[in-house]
Amino acid sequence: MCGIVGYIGFREAYPILVKGLRRLEYRGYDSAGVALINHDNKLSVLKTKGRVQDLENYAKDKDTTGTIGIAHTRWATHGEPSNANAHPHYSQSENLALIHNGIIENYAVIKAELIDKGYTFHSSTDTEVLVQLIEYIKKINNCDLFTAVQLALNQVVGAYAIAIIEKGNPDNIIAARKSSPLIIGIGEGEYFLGSDASPIVEYTNKVIYLDDEEIAILSRNKDPKIVTISNIEKTPEIKELEMNLSQLERGGYPHFMLKEIFEQPETLRSCMSGRINVEGTNVTLSGIIDHKDKFINARRILIIACGTSWHAGLIGEYLFEEFCRIPVEVEYASEFRYRHPVIYSDDIVIAISQSGETADSLAAIELARKAGAFVYGVCNVVGSSIPRNTDSGSYTHCGHEIGVASTKAFTAQVTVLTMMALAIAKEKQTIEEAKYLEIIKELQHIPDKIQKILDLNDKIKELSLIFTYAQNFIYLGRGYNYPIALEGALKLKEISYIHAEGYPAAEMKHGPIALIDNEMPVVTIATHNTIYEKVVSNMKEIKARKGRIIAIITEGDETIKAFADHYIEIPSTVECLDPLLSSIPMQLLAYHIAVNKNRDVDMPRNLAKSVTVE
Ligand code: M6R
């Protein structure tokens with residue numbers, strides 16, 4: 001989704017801003033722009049539809065001097081991708097330039113009022129309305145920029161992360177946030193701004209995470225000042241960034257997605273590190289231990305998430321019900337927040353999110369907290385909004401994920417949920433010791449087993465060539481592998497743009513089997529587990545209708561090899577850990593099909609990495 005970069009200091013701002021925009025490209029965008037106060041004190045806005053490279057081409061012969069500037073990548077919400085709708089937006093007098101992430105919900109009313117007062121608009125965006133409002137307020141109150149921003153933000157309804165600069169005022173950037181992340185990097189005599197840490201990390205590891213309704217005044221050679229929109233001054237809390245620069249680079253891989261798929265043995269080790277003891281006999285999650293009574297006495301677990309994180313949540317449902325004997329409901333955050341759900345004060349709500357910034361998940365958390373439930377976050381991005389708005393939680397610790405299609409974050413989420421289920425089940429005494437120890441032991445073998453599947457990359461690549469031109473795909477699984485069928489289908493559609501559906505295998509005969517003919521590839525996960533025989537029967541039903549089966553099987557399964565059209569063998573494991581292995585061939589198959597189709601794998605069309613608008 002949209003990205004923000006800002007700089008004020010002693011260096012030339014433009015190269016820092018453009019590099020920052022490139023770091024944010026992974027979020028998905030359709031236009032880019034910068035605003036600078038040039039050395040001659042002019043305020044210039046340079047922007048264009050397209051990629052950061054298009055912006056650089058456009059800016060080549062323009063004045064890009066100046067030591068203060070703001071920059072933006074836009075993911076269209078109000079108004080199509082175009083030069084006019086790209087950010088930054090000027091105010092009427094062209095004295096102010098503003099960038100904005102989020103949505104101003106009451107923009108239409110404010111716009112109508114401003115038009116009545118003689119303001120004209122050049123774009124269809126809500127952002128232009130905000131900058132015009134700030135200018136109008138500044139004029140009628142004859143006040144400074146900070147006060148005008150503060151008064152304006154009291155009038156707007158919606159979500160925002162903004163940064164604004166003013167002609168003739170080269171010493172100040174004003175920035176503010178509500179429901180959309182904004183981070184300030186603190187250097188020596190310089191400040192950086194970012195909608196996430198990636199444009200900041202190579203300059204400093206000292207950051208301030210702005211909170212909702214806070215406005216920051218970043219002034220040259222002065223300490224940062226933070227004041228709320230209700231005019232309460234806050235003491236800035238400086239934190240240390242956990243991200244490092246190498247996480248932002250491809251390290252020899254053609255795409256971030258492939259790099260992230262191959263990182264999984266290591267990311268899962270890091271996810272388990274310090275949580276499973278050296279003897280391999282115990283799982284400790286401090287977030288659970290600190291609140292163990294809540295978990296022991298929970299009436300129910302509600303899991304809220306979106307997209308791939310929701311699929312991880314479905315696996316959580318199987319884990320918590322099987323081992324902890326707690327009823328679980330898994331909800332799309334976007335539905336949960338609007339459907340007047342029944343939430344009890346002794347419910348545990350688990351919010352799963354890679355980015356920790358998903359707008360719908362944040363809103364669902366707010367609802368749950370208002371109802372008095374205990375909210376636990378499972379997030380990857382340290383310091384993001386969800387961990388800061390939940391009662392407790394566990395980080396997934398898999399490093400920065402850049403590919404829009406989530407891979408390593410998913411397996412880390414499933415690993416954390418597994419460790420949570422084990423820790424709670426132990427406290428509740430709902431798991432036999434032998435089972436508990438067996439799963440912990442097997443969890444520690446998972447990274448090596450994933451590596452074995454990654455070694456099949458060339459075979460999967462070859463297989464992908466056969467199916468590159470398929471129009472549709474079906475993915476089937478049952479039990480713990482059913483969410484993996486959904487996830488496999490999502491991976492394929494989001495990066496290859498091939499239509500794909502995931503189903504529980506036994507549901508086929510209730511309708512979808514009508515789709516099967518000799519052109520339909522059916523990816524079926526059929527590993528050795530308690531429902532293996534049933535899945536084999538479901539596969540036979542597909543085969544009888546000439547569907548083309550690509551089977552994900554346990555190593556050495558001669559039964560399925562005998563009738564499947566193609567197969568990928570994966571190591572055997574305990575049933576509840578199956579998803580950690582069966583998801584890997586799904587990721588590789590989707591990746592190679594997308595590459596064969598020449599798709600933009602890391603930045604697929606229409607998608608954003610972090611969905612900060614609802
Ligand atoms: O950051 P989150 O985990 O909250 O994001 C949720 C979804 O937007 C995300 O999983 C999305 O579905 C990915 N593109 C899937 O690959």
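In helix H7, residues Gln-264, Pro-265, Leu-268, Arg-269 and Met-272 are in contact (heavy atoms within 4.5 Å) with Leu-443, Ile-446, Pro-447, Asp-448, Ile-450, Gln-451 and Leu-454 of helix H15. By class, this contact of H7 with H15 comprises eight nonpolar, two polar and two charged residues; Ala, Val, Leu, Ile, Met, Phe, Trp, Tyr, Cys and Pro count as nonpolar, Asp, Glu, Lys and Arg as charged, and the others, Gly among them, as polar. The model is predicted: local features need pLDDT of at least 70 and side-chain atom pairs pLDDT 80 or more, whereas totals for chains, interfaces and linings use all residues. Residues are numbered from 1 along each chain as its sequence is written, and side-chain values use heavy atoms, without hydrogens and water.

The axes of H7 (residues 264-272) and H15 (residues 433-454) come within 8 Å and cross at roughly 170°. Axes are lines fitted to C-alpha atoms, for helices over the stretch in contact, with angles from 0 to 180 degrees between N-to-C directions. The two helices are therefore roughly antiparallel to each other, a term for angles over 145 degrees.

The chain contains 20 helices and 25 strands, which are DSSP runs (H or I, at least four residues; E, at least two) numbered from the N terminus. Along its principal axes, the C-alpha trace spans about 80 × 55 × 45 Å. Of the 614 residues, 61% are buried, that is, under 20% relative accessible area with a 1.4 Å probe, protein chains only. Among contacts with a separation of 6 or more, 71% join residues 24 or more positions apart.

Note on methods
Parallel < 35°, antiparallel > 145°, perpendicular 65-115°, else oblique. Buried < 20%, exposed > 50% of the residue type's maximum accessible area, 1.4 Å probe, protein only.
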